[in-house]
Amino acid sequence: MSSEVAARRDAKKLVRSPSGLRMVPEHRALGSPFGLEEPQWVPDKECPRCMQCDAKFDFLTRKHHCRRCGKCFCDKCCGQKVPLRRMCFVDPVRQCAECALVSHKEAEFYDKQLKVLLSGATFLVTFGDAEKPEAMVCRLSNNQRYLLLEGDSRHEIEIARISTVQVLTEGFPPGEKDIHTYTSLLGSQPVSEGGNARATGMSLQYAAPGAEGMTQLRLTAGEDANASRRQSTAWLAAMHKATKLLYESRDQ
């Protein structure tokens, strides 16, 4: 991909909404799959009382809208201003207590795991039924829409086309393995989740443009216990977090 095309794909613009300033993609269709749309605010006439503590709104008790859920609250129940990266707000915005808690948890993903995914890591990559894996660097694109794999060949997988993610981990008794499975973009429940074992690999199924059926891709971390292996393990753990975030966003 040319640098000009990449720059156009990553271009952003500053916009003002009723909730505050947002730095959004110049082309809406190229927004991050981790992003959330701003909610419709509950009309003032439909909320004479706080939707949390039931306090009646009057001249002294003013109503405020949570920028994440759009519901009406009093200042006591909606007084926190918290960063809301998933809606691209430039500054922290007012949120109710429940939404603020979720946004605080998501901040860890943006501050830590997302940086790991953007930096990339080296894996042994197997496409479909290929006999030999290829050493490739796998990373998330700057606009967070694609997985980029670069080695002797180059591949680009759109996140929205991934249907299933399996994270293989180790650290269990002999004969036992833990597989975290998400059909995250189709809305199904995860098959298995939990545990603190180390991630060793990942299997993806995705719809490749122009191909019939699903294409399978397998990433395996190297066996050598060095900085590269640690980086690969951290990347897999970050991708696990990203997949959970995508899955959970289907219900929001």
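These are my notebook entries on one predicted model.

**Ground rules**

The model is predicted, so I took local features only at pLDDT of at least 70 and side-chain atom pairs only at pLDDT 80 or more, while totals for chains, interfaces and linings use all residues. Residues are numbered from 1 along each chain as its sequence is written, and side-chain values use heavy atoms, with hydrogens and water left out.

**Overview**

I looked up the secondary structure and found three helices and 14 strands. Helices (H or I, at least four residues) and strands (E, at least two) are DSSP runs, numbered from the N terminus. I then looked up burial: 40% of the 252 residues are buried. Buried means under 20% relative accessible area, exposed over 50%, and partly exposed in between, with a 1.4 Å probe and protein chains only. Of the contacts with a separation of 6 or more, 48% are between residues 24 or more positions apart; a contact means heavy atoms within 4.5 Å.

**Cysteines**

I searched the whole structure for disulfides, meaning pairs of cysteine sulfur atoms within 2.5 Å, and the search gave one. The pair is Cys 47 and Cys 72, with 2.4 Å between the sulfur atoms. It links distant parts of the chain, 25 residues apart: Cys 47 is in the loop between strand E2 (20-25) and strand E3 (64-65), and Cys 72 is in strand E4 (residues 72-73). Both ends are buried, Cys 47 at 3% relative accessible area and Cys 72 at 0%.

Cys 78 is buried at 0% relative accessibility. I checked Cys 99 as well: its closest cysteine sulfur is in Cys 96, at 3.5 Å, also too far for a bond. Cys 99 is buried, at 10%.

Cys 88 came up for its backbone. It is in the loop between strand E5 (80-82) and strand E6 (93-95), and its phi is positive, near 65°, though the residue is not a glycine. Most residues other than glycine have a negative phi. Cys 88 is partly exposed, at 26% relative accessible area.

**Helix H2**

Helix H2 (residues 97-119) has 23 residues and spans 33 Å from its first C-alpha to its last, close to the 33 Å expected at 1.5 Å a residue. The expected span is 1.5 Å times one less than the number of residues. I found a bend of about 35° at Gln 113, taken as the angle between axes fitted to the seven residues ending there and the seven starting there. The buried residues of H2 include Cys 99, Ser 103, Glu 106, Tyr 110 and Leu 117. Gly 120 follows H2 and has a positive phi, near 85°.

Glu 106 has a partner: its side chain makes a polar contact of 2.8 Å with that of Arg 68. A polar contact is a pair of N or O atoms within 3.5 Å; within protein, one must be able to donate a hydrogen and the other to accept it, and residues adjacent in sequence count only if both atoms are side-chain atoms. Arg 68 is in the loop between E3 and E4 and is buried at 9% relative accessibility.

**Nonpolar cores**

A nonpolar core is a set of buried Ala, Val, Leu, Ile, Met, Phe, Trp, Tyr and Cys residues joined through side-chain atoms within 4.5 Å. Which residues of the largest core touch the most other members? They are Leu 147, Leu 217 and Trp 235, in a core of 33 residues. H3 gives the most to this core, with seven residues. Another core lies apart from it, with twelve residues, among them Cys 47, Cys 50, Cys 78 and Cys 96.

**Loop between E8 and E9**

Asn 143 is in the loop between strand E8 (134-140) and strand E9 (146-150) and is buried at 10% relative accessible area. Its side chain makes a polar contact of 2.7 Å with the side chain of Ser 141. A polar atom of the Asn 143 side chain also lies 3.1 Å from the backbone nitrogen of Arg 145. Gln 144, in this loop too, has a positive phi of about 65° without being a glycine. Gln 144 is buried at 13% relative accessibility.
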